[in-house]
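This briefing covers annotated spans, helix geometry, salt bridges and aromatic pairs. The sequence and structure are shown first.

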Amino acid sequence: MTPIVSEPFFYSDLGSYLAGRSNIFSFHRSRLMSLENRYRVWLSVFLLLLMEVQVSRRLFETAYVFNYSASARMHIFGYLTGLFFYTAAPLTLCCTCAPEVLKFGINEVSEFILKGTSSMQNIEFHWWDFVNPLLKLGWCQWIGAVIFLWGWIHQHRCHAILGSLREHGAKVDEYVIPRGDWFEIVSSPHYLAEIVIYAGMVFASGGADLTIWLVFGFVVSNLVFAAAETHRWYLQKFDNYPSNRVAIIPFLC
């Protein structure tokens, strides 16, 4: 029931609300967050942007890079696990400010229900309102972003190699040994790149959030197991499989 101020609505008002600056609702104006909370909010935004870059590329690759055969199937457990992970992982990255976001959304919906479209304000968008806080993040975040980008690029290259194998096969269901990029040292370089990607996100987070470490632990344990099974299959399938390749961790396993 608190009245909305007559100022135009900016997309950055959500960030401002969370960071304790100008707020939409008058009863929130007196609530100023500490500098630490402001930093945590924009750190969550930064991590979510990295996640968005990753899942957007994966969506593109699924549609245009991989050439799945008509008989390809995924186990229902793996499918449900994927749905759970890509729902839980972004929530994990912003769990520190998720309650505030939820409260903001509930207030917005409540106001819309009470007043309808007449309560909707003019929308203006200013890029600098988003870019400027991100540029003020620390060196830890940008080093983490570089690690993320390193894994991100190599995973795309490895996926492109895997996607091209079916095009070069004489038969639809023929398997060939993948070569190039990190395939020269490990059997599942796309899994290794995924671990590097999430290691970059852990580094960018500062490493102080237990939930992000749990996500990283899930990724590592899941992919190491899958890579071991893949490596074992390669060894059984091909007599001439390169002996210098290990499953996923270079020079180790």
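**Annotated spans and helix geometry**

The UniProt annotation "transmembrane region", from an unreviewed entry, covers residues 39-56, 76-98, 134-153 and 210-228. UniProt positions follow the numbering used here, feature names are shortened, and annotations may be inferred rather than shown by experiment. The model is predicted: local features need pLDDT of at least 70 and side-chain atom pairs count only at pLDDT 80 or more, while totals for chains, interfaces and linings use all residues. Residues are numbered from 1 along each chain as its sequence is written, and side-chain values use heavy atoms, with hydrogens and water left out.

- Residues 39-56 are 100% helix and 0% strand, with end C-alpha atoms 26 Å apart; helices (H or I, at least four residues) and strands (E, at least two) are DSSP runs numbered from the N terminus.
- Residues 210-228 are likewise 100% helix and 0% strand, and their end C-alpha atoms lie 27 Å apart.
- Helix 8 (residues 210-237) has 28 residues and should span 40 Å at 1.5 Å a residue, which agrees with its end C-alpha atoms being 40 Å apart. The expected span is 1.5 Å times one less than the number of residues.
- Buried residues of helix 8 include Phe 216, His 231 and Tyr 234. Buried means under 20% relative accessible area, exposed over 50%, and partly exposed in between (1.4 Å probe, protein chains only).

**Salt bridges**

- The structure holds four salt bridges, each a side-chain nitrogen of Lys or Arg within 4 Å of a carboxyl oxygen of Asp or Glu.
- One of them joins Glu 61 to Arg 57, with the closest N and O atoms 2.7 Å apart. Both residues lie in helix 2, four residues apart, about one turn, and both are buried.
- Arg 58 and Glu 194 meet in another, at 3.4 Å from N to O. This pair links distant parts of the chain, Arg 58 in helix 2 and Glu 194 in helix 7 (residues 189-205), 136 residues apart.
- Arg 58 is partly exposed at 26% relative accessibility, whereas Glu 194 is buried at 8%.

**Aromatic pairs**

- There are 13 aromatic pairs. Rings of Phe, Tyr and Trp (its six-membered ring) pair if their centres lie within 6.5 Å; planes under 30 degrees apart count as stacked, over 60 as edge-to-face and the rest as tilted.
- The Phe 60 and Tyr 64 ring centres are 5.3 Å apart with planes at 40°, so this pair is tilted. Tyr 64 is exposed at 65% relative accessibility.
- Phe 85 and Tyr 86 have ring centres 5.1 Å apart and planes at 85°, so they are edge-to-face.
- Ring pairs link Tyr 175, Trp 233, Tyr 234, Phe 238 and Tyr 241 into a cluster.
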